[in-house]
Amino acid sequence: MLNCQSHLDLVEGLIDGQAVEVARDTTILAAVRLLNRSVPTLCHHEGLPGDGNCRLCLVEINGRMVTSCMYPLRENGFVVETDNEDIRRARAFVLEMLVDRCPSSPRLMALAAEYGVTPEERFKGDDDLCIRCGRCVRACEINGTAAIGFAGRGAERSVTGPFFTAPDDCIGCLACAAVCPTGKIVFSEKHGRRSIWGREFEMVRCCECGRPYATPGQLSRPEFAANEICAQCRRRLMAADMKRSFTEY
Ligand code: SF4
Ligand code: SF4
Ligand code: FES
């Protein structure tokens with residue numbers, strides 16, 4: 001049996017026939033990943049609170065279909081299946097709706113191909129790339145900014161700043177673009193200026209290499225406050241320090 005945790009409050013069961021023991025309340029998805037198995041996901045991101053809105057990560061537990069990213073393992077004797085005909089059919093159904101909305105997202109099209117799904121001709125070219133997964137909104141919330149949110153209903157629902165305007169509270173940190181699974185959120189960096197969500201930011205230059213690397217708003221965040229140099233220079237200086245200390249040793 002694979003024992004994935006060493007503390008006491010454990011539950012045990014089977015995942016795809018393999019015995020497993022995990023900490024109580026581990027989600028099925030986390031347990032599956034501990035076994036180095038995979039389940040497709042879109043709205044889930046390790047660094048963000050769960051939301052469970054895309055329903056692509058469906059699996060069966062004790063014969064019942066659930067979203068694996070949100071379902072906690074609480075009882076002993078669970079039997080999880082991550083792949084069978086019903087599960088593949090259910091995921092294909094989810095993908096059919098998503099690819100009709102976003103037929104030019106490479107990530108979605110790769111998943112669709114895996115499940116034998118093709119977008120309907122009539123939807124091609126009518127593509128906004130947003131699957132309304134909310135990752136961007138959650139990323140912006142947990143960085144304390146909450147500059148963007150959902151507005152509108154049904155097919156018109158979209159991510160935007162307040163009242164469909166460029167978000168005044170945006171600090172240009174790019175967290176939203178980094179977690180977007182479809183490439184919907186675009187930004188540019190040119191001549192020391194970064195643009196995103198209709199906002200433009202003068203970037204701060206790295207004290208070491210002089211390259212523009214962050215916005216003033218980003219550097220005002222406590223987690224960035226001590227960083228006067230860019231990530232590449234930090235890594236380079238750290239490596240040089242380590243090399244020096246090994247040589248001296
Ligand atoms: S770039 Fe702006 S909208 Fe995106 S996460 Fe950062 S603050 Fe929020
Ligand atoms: S913009 Fe990207 S991250 Fe945000 S809801 Fe749409 S697909 Fe998800
Ligand atoms: S990844 Fe689980 S519901 Fe979206």
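Mentor: Happy to. The salt bridges in this predicted model come to 11 by count.

Asp9 and Arg24 join their side chains in a salt bridge, with 2.8 Å from N to O. This pair ties together distant parts of the chain, as the partners are 15 residues apart. Asp9 belongs to the loop between strand E1 (2-3) and strand E2 (10-15), while Arg24 is in the loop between strand E3 (18-23) and helix H1 (28-34). How exposed are the two partners? Asp9 has a relative accessible area of 41% and is therefore partly exposed, since that class runs between the 20% and 50% cut-offs. Arg24 is also partly exposed, because its relative accessibility is 34%.

Next, look at Arg33 and Glu46, whose side chains form a salt bridge with an N to O distance of 2.8 Å. Here too the pair links distant parts of the chain, with 13 residues from one partner to the other. Arg33 is in helix H1, and Glu46 is in the loop between H1 and strand E4 (58-61).

Glu85 makes a salt bridge with Arg89, and their closest N and O atoms are 3.2 Å apart. Both residues lie in helix H2 (residues 85-101), four residues apart, which is about one turn of the helix. Glu85 is exposed, because its relative accessible area is 62%. Which residues does the network here join? Salt bridges with shared partners connect Glu85, Asp86 and Arg89 into one network.

So, if you follow the three pairs on the screen, you can go from loop to loop with Asp9 and Arg24, from helix H1 to a loop with Arg33 and Glu46, and then along helix H2 with Glu85 and Arg89. When you reach Arg89, keep Asp86 in view as well, as that residue is part of the network with Glu85 and Arg89.

Technical notes
Residues are numbered from 1 along each chain as its sequence is written. Chains are lettered from A and ligands numbered from 1 in the order in which they are written. This is a predicted model: local features need pLDDT of at least 70, side-chain atom pairs count only at pLDDT 80 or more; totals for chains, interfaces and linings use all residues. Side-chain values use heavy atoms; hydrogens and water are left out. A salt bridge is a side-chain nitrogen of Lys or Arg within 4 Å of a carboxyl oxygen of Asp or Glu. Helices (H or I, at least four residues) and strands (E, at least two) are DSSP runs, numbered from the N terminus. Buried means under 20% relative accessible area, exposed over 50%, partly exposed in between (1.4 Å probe, protein chains only).
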